[in-house]
Amino acid sequence: MSNEIIKVPDIGSGDAEVIEVCVGAGDQIETEDSLIVLESDKATMEIPAPRNGRVVDVLLKVGDKVSEGDDLLTLAVEEGAAESVASEPVAEQPVAAPEPEATQVATAASVIQEVRVPDIGSDNVPVIEVSVKPGDTISQEDTLITLESDKSIMDVPSPFNGLITEVKVKEGDTLSQNDLIVIMIAAAPAAEQTTTSAPPATEQPATPATPATIAAQPQKAMESTLEQEQANKRIHAGPSVRKIAREFGVDLSLIQGSGPHSRILKEDVQTYVKTKLSAPTSASSGLGIPQMPAVDFSKWGDIEEKPLTRLRQIAGKNFQRSWLNVPHVTQFDESDITELETFRKSQKTAAMARGSKLTPLPFMLKACAYALKEIPQLCASLSPEMDRIIYKKYINIGIAVDTPDGLLVPVIKHVDKKGLWELADECVALAGKARNKQLKPDEMQGGCFTISSLGSVGGTAFTPIVNAPEVAILGISKAEIKPKWNGVEFEPRLILPLSLSYDHRAVNGAEAARFTSFLSQLLSDIRHILL
């Protein structure tokens with residue numbers, strides 16, 4: 001055995017940073033085994049072993065900057081192997097080069113990219129909006145098109161920064177997975193794209209996947225054992241795939257590759273992680289709460305099972321997340337809306353002349369906007385770290401709409417700047433869009449506060465669930481005629497029940513009580529809104 005210094009080969013750029021060391025002292029390696037992974041401003045690439053041998057010492061560590069010719073490691077090789085290598089002409093020495101994907105990236109400052117429809121869960125989904133046109137300069141994650149299926153509305157984002165050269169779809173087209181959307185010039189190298197070219201003959205195909213559990217915390221998962229690293233370096237996958245696997249803490253040996261020769265693609269890793277995260281745990285909900293046991297209800301009679309719509313499933317998860325994470329308190333109050341209702345009914349002729357429908361909701365919106373300005377604690381959100389409260393200088397209010405597919409909450413923007421007629425028209429328009437599944441994502445985002453009205457259905461009070469990250473939601477029940485003492489006698493008055501649920505971390509009980517009391521005063525005499 002003799003020791004040989006292995007050096008960094010031509011990496012196609014001035015220098016690069018070591019982001020992973022794949023071997024350690026004492027490891028027995030073979031030709032083409034990955035030694036280190038480098039990341040430059042153009043590409044991520046693996047440096048393979050030029051020959052078989054045993055690692056004596058690794059001369060680099062994660063974070064080092066290296067360039068061509070720098071010492072990489074000391075390798076103990078067989079005497080015969082070293083002599084045969086030395087006797088070969090220099091021109092025939094094997095050069096350690098980056099994989100095809102890295103080479104392609106390193107030699108191009110910008111490339112033409114085709115952007116296609118990702119996995120959207122169904123086929124023949126209609127395009128309801130095209131957000132870009134030829135000549136547009138866009139950033140990664142900017143919306144290209146909006147699709148509407150029978151289950152949801154979704155945006156398709158751009159995977160690259162760059163310039164749009166051609167748009168291949170229009171509104172009304174129906175698309176499925178892999179259909180072409182746009183052609184663009186990527187302004188930055190697409191270092192994260194995997195290649196479909198044939199792998200080197202020395203690489204071994206990945207072993208079939210077996211069920212496993214992803215580590216609960218990414219930080220813990222990234223601290224993988226030496227045994228896992230040794231196994232992963234022989235997996236048939238490119239550097240970008242290995243990088244995303246490290247970020248998610250995924251053992252590549254558990255994934256079945258879908259590329260040529262069972263090569264693992266980035267999409268395979270993403271699908272694996274998505275599957276594991278969506279799979280229910282057997283013992284609990286993930287928060288230490290035992291799951292409900294499975295019950296065979298058919299033992300006691302006939303049953304019928306119907307699948308929940310995707311909208312109801314998503315809403316259910318959101319409700320559970322809010323209920324488990326937000327300490328809910330509900331403040332109950334009531335408001336005398338006799339004069340308000342008299343005024344509203346007096347405007348019926350004017351509403352018909354305008355082609356509008358003046359319901360009590362616009363009055364509720366206007367009064368809530370006024371109250372939120374006066375008591376801003378309820379127009380806020382907590383920071384993710386729970387150490388700051390974020391006050392919003394705008395008033396956007398969501399209105400819960402019951403649809404056949406489930407609950408939707410369109411958001412009316414800048415309520416405080418709009419009049420009653422404008423709010424009335426917008427309420428009707430957004431409610432219609434919600435029931436016809438025509439809401440755009442932007443029309444359901446940006447809320448500061450939510451109103452859930454069950455007045456047309458019935459009930460005296462209820463506890464609405466806070467629509468986190470908002471900190472409060474107002475529930476409105478059915479108004480009822482009640483006798484109220486005016487100082488001389490009882491007289492019939494129209495009384496509206498109010499139920500304010502709030503996040504007790506951000507809102508104190510006194511603030512919530514002041515809010516409902518102030519709101520009650522505004523609704524009992526809407527002239528207060530003019531003050």
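User: Is helix H10 mostly covered or mostly open?
Analyst: In this predicted model, H10 is mostly covered, with 11 of its 15 residues counted as buried.
User: Which residues in H10 are buried?
Analyst: The buried ones are Pro362, Phe363, Met364, Leu365, Lys366, Ala367, Cys368, Ala369, Tyr370, Ala371 and Leu372.
User: And what distance does H10 reach from its first C-alpha to its last?
Analyst: Helix H10, which takes in residues 360-374, reaches 22 Å between those two atoms, and this is close to the 21 Å expected at 1.5 Å a residue.
User: How many bridges does E8 share with E1, and how many with E6?
Analyst: Strand E1 (residues 2-7) pairs with E8 in the antiparallel sense over 6 bridges, with Ile6 having Leu73 of E8 as its bridge partner. Strand E6 (residues 53-58) is also antiparallel to E8 and is joined to it by 4 bridges, and there Val55 has Leu75 as its bridge partner.
User: What about the open sheet, in what order do its strands come?
Analyst: The order is E13-E12-E10-E15, 4 strands in antiparallel pairing. Strands E13 (153-157) and E15 (174-175) stand at the edges with a single partner strand each, so one side of each is left without a neighbour in the sheet.
User: Which residue stands opposite Thr174 in E15?
Analyst: Pro126 stands opposite Thr174, while strand E10 (residues 125-130) and E15 run antiparallel and are joined by 2 bridges.

Notes: Residues numbered from 1 in each chain as written. Predicted model: local features only at pLDDT ≥ 70, side-chain atom pairs only at ≥ 80, totals over all residues. Heavy atoms only, no water. Pairing = 2+ DSSP bridges. Expected span 1.5 Å × (residues − 1). Buried < 20%, exposed > 50% of the residue type's maximum accessible area, 1.4 Å probe, protein only.
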